[in-house]
Amino acid sequence: MTSKRIRLGALLFSLCATAAVQAKEWTEIRFGVFPQYPPFESVAADGSLQGFDIELGNAICTKLQVKCTWVHNEFDGMIPALRARKFDAIMSSMAVTPARLKQIAFSDRLYLSPTSVIVRKSADFGDTPESLKGKQIGVLQGSLQEAYARAKLSPLGAQVKAYQSQDQNYADLLNGRLDATVTDKLEAQLNFLTKPEGANFKSGPAIKDPTLPLDIAIGLRTTDIELKALLDKGIAAIHADGTYALIQKKYVGELDIYNE
C-alpha cells in the first residue's frame, strides 16, 4: 500500500510540474500585422506603425502590463505564420469566419466591419452581384472579399483581380483599369471616399452574405488558451475605462463600430 501511495504521489507531483512548465507567463505579445491597410494599420513617415488596430493593440498591452511587439507579415500568409510561431497573435483587421475557425481561435470582438462595392457615383451597377457581370473588379489579395468575389462574382461573369494592397485597388479605380472594388465598407469610407480623390465615388449597401461575416477579432493558435483569456481581459479593460471609446472617436468620429 505504501509503495502505491508513493507511486501515486510521484505521479501527481509529475503532473503538477508538467502543468507548471506548460503554463506560460506572458510578458510580451508579438502581434502579426499587415501595415498596408490604413486607417487600420500603416507605416508613418518616421517608420513607426499607426492606425486603429495598432492603437487598440498597444492599449490592450498597456492594460495587461506586457510588452507589445509588432511583426510585419503579408496578409494572405498570416495564418501559416501564426501557426509557425513567427508571432503570437494576428492583429490585422481579420474577420472571424467558419473556415478560419477550423485553423485558429479568436479573441472576443474588436469591432464590426461590413463589406460593400465601391464604384463611381455615375455608375448604374454595384448594388447587386448580377450587376457586376463583365466588370473589372478589384480586391485585396488573401482577403475575405477576394474569396467572395471569386466564389460569387466570377461565376456571374465578373473579372476579378487581386492586389497586394487596397491602395492599389483605389489607384486602378481612379485610372479606369477597374470598374469597382469590393472592400471593407468602413475602410473605404475613412481612407478613400472622404478624401479628395474619392469625391466622385460611392459605396453601395453592405453585402449580405454568410461568407462575409462582420466580426473582427484577434487571431490566435487554438492551443494558446491562456493568451486568449488574457487578451479578452485586455479588451474588456479598455472598454471599461473608456480607452476604446476614445480611440474609436479619433478614427471614426461618432460612429459606433463595436455594437450591432
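Is Arg 30 buried, partly exposed or exposed? Select Arg 30 to begin: with a relative accessible area of 25%, this residue is partly exposed (buried means under 20% relative accessible area, exposed over 50%, partly exposed in between, using a 1.4 Å probe and protein chains only).

A word on what you have loaded. This is a predicted model, in which local features need pLDDT of at least 70 and side-chain atom pairs count only at pLDDT 80 or more, while totals for chains, interfaces and linings use all residues. Residues are numbered from 1 along each chain as its sequence is written, and side-chain values use heavy atoms, with hydrogens and water left out.

**Stop 1: a salt-bridge network**

Arg 30 sits in strand β1 (residues 28–33) and Asp 88 in the loop between α3 (78–83) and β6, so the pair ties together parts that are 58 residues apart in sequence. Helices (H or I, at least four residues) and strands (E, at least two) are DSSP runs, numbered from the N terminus. Asp 88 is buried, at 3% relative accessibility.

Arg 30, Asp 88, Arg 221 and Asp 224 are linked in a network of salt bridges.

For another pair, pick Lys 249 and Glu 254, which meet in a salt bridge at 3.7 Å, N to O. Here Glu 254 is exposed, at 69% relative accessibility. The model has 13 salt bridges by this rule.

**Stop 2: Ser 92**

Select Ser 92 in strand β6 (residues 89–95). Ser 92 is buried, with a relative accessible area of 2%. Follow its side chain to the backbone nitrogen of Phe 34, at 3.0 Å. Leaving out residues up to four places away in sequence, Ser 92 touches several residues, including Gly 32, Val 33, Glu 41, Asp 53 and Phe 75 (contact means heavy atoms within 4.5 Å).

**Stop 3: a five-stranded sheet**

Show the cartoon next. Five strands form an open sheet in the order β10-β9-β11-β8-β12, with mixed pairing (two strands pair if DSSP finds at least two bridges between them). At the edges are β10 (159–163) and β12 (201–203), each pairing on one side only. Select β8 (residues 115–120) with β12: these two pair in the antiparallel sense over three bridges. In β12, Phe 201 is the bridge partner of Arg 120. Helix α6 (residues 166–174) packs on the sheet, touching β8, β9 (136–140), β10, β11 (180–184) and β12. Helix α7 (residues 185–193) also packs on the sheet, touching β8, β11 and β12.

**Stop 4: two crossing helices**

Finish with helix α2 (residues 52–64) and helix α8 (residues 225–240), which pack at an angle of about 100 degrees, with their axes 9 Å apart. That makes α2 roughly perpendicular to α8 (angles under 35 degrees count as roughly parallel, over 145 as roughly antiparallel, 65 to 115 as roughly perpendicular and the rest as oblique). Axes are lines fitted to C-alpha atoms, for helices over the stretch in contact, and angles run from 0 to 180 degrees between N-to-C directions.

Notes: Polar contact = N/O pair within 3.5 Å; in protein donor to acceptor, adjacent residues only side chain to side chain. Salt bridge = Lys/Arg side-chain N within 4 Å of Asp/Glu carboxyl O.
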